[in-house]
Amino acid sequence: MTDTAGLDENDKRELLPIARATFREYLTTGFMPPGAPDRKSLLEPRGAFVTLHVGGDLRGCIGRVDADTPLYLAVEQLAVAAATRDPRFDPLRAEELSDTRVEISVLSPVTSGKPEDVEIGKHGLVVTRGVRRGLLLPQVAIEHKLDRDRFLDETCAKAGLPPGAWKEPGTILQLFTADVFKEPDGAL
């Protein structure tokens with residue numbers, strides 16, 4: 001994905017272990033580990049998502065679009081939430097830790113967009129109408145081989161809206177990019 005977050009490889013190498021150590025500590029003790037990052041860039045508020053895969057299967061994904069929390073702290077909170085509070089899955093069990101892989105998506109600020117602005121593989125989407133809101137990360141379109149219209153429809157579905165709702169007046173479309181990085185397989 002596009003590196004819109006201004007992170008370098010050292011930032012990424014620090015964030016991945018922060019996420020893993022946090023959910024491992026939380027699953028084994030029930031507490032969040034104390035600490036602060038070594039890199040000052042991780043103190044900047046950013047939107048982010050933490051995605052967990054176990055044995056290659058999605059096991060949890062939680063995030064926030066708003067840049068209202070320092071990035072390292074957002075990653076800590078989201079790692080625990082992805083492991084324990086994604087409503088689609090049972091909480092991660094301690095015995096699954098060795099098979100769990102962490103993926104982090106650091107988001108750019110969201111901007112207003114039009115359907116024709118959407119670039120598959122580059123943009124993530126937020127579709128809002130009234131109190132309904134759906135979000136899909138940029139990598140979802142690639143992973144599921146979605147074209148632009150289908151990506152827009154799937155984001156509407158995530159919001160509980162019918163297909164094509166993105167074409168209707170009153171529906172707000174926002175775009176963002178993400179810097180996506182993950183632990184390599186077999187790295188533990």
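## Cysteines

The sulfur of Cys-156 lies 19 Å from the closest cysteine sulfur, which belongs to Cys-61, and that is too far for a bond. The cut-off for a disulfide is 2.5 Å between the sulfur atoms. A disulfide is a covalent bond between two cysteine sulfurs. This is a predicted model, and a search of the whole structure finds zero disulfides. Cys-61 is likewise in no disulfide, with the sulfur of Cys-156 as its nearest cysteine sulfur, 19 Å away.

Cys-156 is buried, and its relative accessible area is 0%.

## The four-stranded sheet

An open sheet is built from four strands in the order E2-E1-E3-E8, with antiparallel pairing. Its edges are E2 (57-64) and E8 (178-182), each of which pairs on one side only. From one strand to the next, the twist averages 15 degrees.

Now the pairs in turn. E1 (residues 47-54) and E2 are antiparallel and share seven bridges. Within this pair, Val-50 has Ile-62 in E2 as its bridge partner. E1 also runs antiparallel to E3, with eight bridges joining them. There, His-53 stands opposite Arg-101 in E3. E3 and E8 are antiparallel too, joined by five bridges. In that pairing, Ile-104 faces Phe-181 of E8 as its opposite residue.

## Strand E3

How many residues of E3 are buried? Eight of the eight are, so E3 is largely enclosed by the rest of the structure.

Both faces of the strand are covered. Thr-100, Val-102, Ile-104 and Val-106 are buried on one side.

H1 (residues 9-29) lies across E1, E3 (100-107) and E8. It runs at about 125 degrees to E3.

H1 also packs against H2 (residues 71-84). The angle is about 45 degrees and the axes are 8 Å apart. That angle makes H1 oblique to H2. The crossing of H1 and H2 is right-handed. On the H1 side, the contact is made by Leu-15, Ile-18, Ala-19, Thr-22, Phe-23, Tyr-26 and Leu-27. H2 contributes Leu-71, Tyr-72, Val-75, Glu-76, Ala-79, Val-80, Ala-83 and Thr-84.

## Pairing around E7

E7 (residues 172-176) pairs with E4 (residues 111-112) through two bridges, and the two strands run antiparallel. Ser-112 has Gln-174 in E7 as its bridge partner.

E5 (residues 124-129) also runs antiparallel to E7, with five bridges between them. Here Gly-124 stands opposite Phe-176 in E7.

## Lys-145

Most residues other than glycine have a negative phi. Lys-145 is not a glycine, yet its phi is positive, at about 50 degrees. Where does Lys-145 lie? The residue sits in the loop between H3 (138-143) and H4 (148-158).

Is Lys-145 buried or exposed? Lys-145 is exposed, with a relative accessible area of 76%. Cys-156, by contrast, is buried at 0%.

How values were computed:
Residues numbered from 1 in each chain as written. Predicted model: local features only at pLDDT ≥ 70, side-chain atom pairs only at ≥ 80, totals over all residues. Heavy atoms only, no water. Buried < 20%, exposed > 50% of the residue type's maximum accessible area, 1.4 Å probe, protein only. Pairing = 2+ DSSP bridges. Axes fitted to C-alpha atoms, helices over the stretch in contact; angles between N-to-C directions. Contact = heavy atoms within 4.5 Å. Parallel < 35°, antiparallel > 145°, perpendicular 65-115°, else oblique. Left-handed = near helix turned anticlockwise from the far one by under 90°.
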